[in-house]
Amino acid sequence: MSEDTKILLLDDDRNHLHELSRYLSTEGYTPLAALDPDIAEGLLEQNPKFAIVDLFLAGEQGAELSSQFILNFLVPRGIPYGRMSSAPDMVPETERGEWVVHKRDFWNDPDSLYPLLQQVL
C-alpha cells in the first residue's frame, strides 16, 4: 500500500480515532483524523481516497452532522466512504456508503477492516 493513500477519519471518540489511525498507519495508509466536520472539511484539501465516518458525532445533532458532511462534502467530490458505528443498524440506507462496520467488530478484530478497504481502494 502506498503511503499516499490517504483515508479521512471522522469520529468524535478520541480513543477510537487514535486506534483506527494507528491501525491504518501500520497497514501503510495515511490517516487524516478529524474529531468534527469542520476539521474534516479542511482535511479534504489533502485529497483522501476514502473516508470512514461515524454515525453519531458530538452533540444533539450528531447524526445530522454526520449525514450533512457525507452529502455536502464527500458525495459531491466523489469520495467513497464507509461507516463505522456502535449502532450500525441505525445508519440510513441512503448513507451506508461502501460498507457499515460495527465499532466492536473493529476492536475485536482490527484486521477485518483490511479486506473491506482493499475492495474499494
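Author: Gladly! A residue is buried under 20% relative accessible area, exposed over 50% and partly exposed in between, using a 1.4 Å probe and protein chains only. By that rule, buried residues are 43% of the 121 residues in the protein chain. This is a predicted model, where local features need pLDDT of at least 70, side-chain atom pairs count only at pLDDT 80 or more, and totals for chains, interfaces and linings use all residues. Residues are numbered from 1 along each chain as its sequence is written, and side-chain values use heavy atoms, leaving out hydrogens and water.

Reader: Why is Tyr23 called buried?

Author: Its relative accessible area is 5%, and the limit is under 20%, so Tyr23 counts as buried. Phe106, at 3%, is buried by that rule too.

Reader: What makes Tyr23 and Phe106 an aromatic pair, and of which kind?

Author: Rings of Phe, Tyr and Trp (its six-membered ring) pair if their centres lie within 6.5 Å; planes under 30 degrees apart are stacked, over 60 edge-to-face, and the rest tilted. The search of the whole structure finds 4 aromatic pairs. In one of them, Tyr23 and Phe106 are 5.9 Å apart centre to centre with 80° between the planes, hence edge-to-face. Tyr23 and Phe106 also form one aromatic cluster with Trp107.
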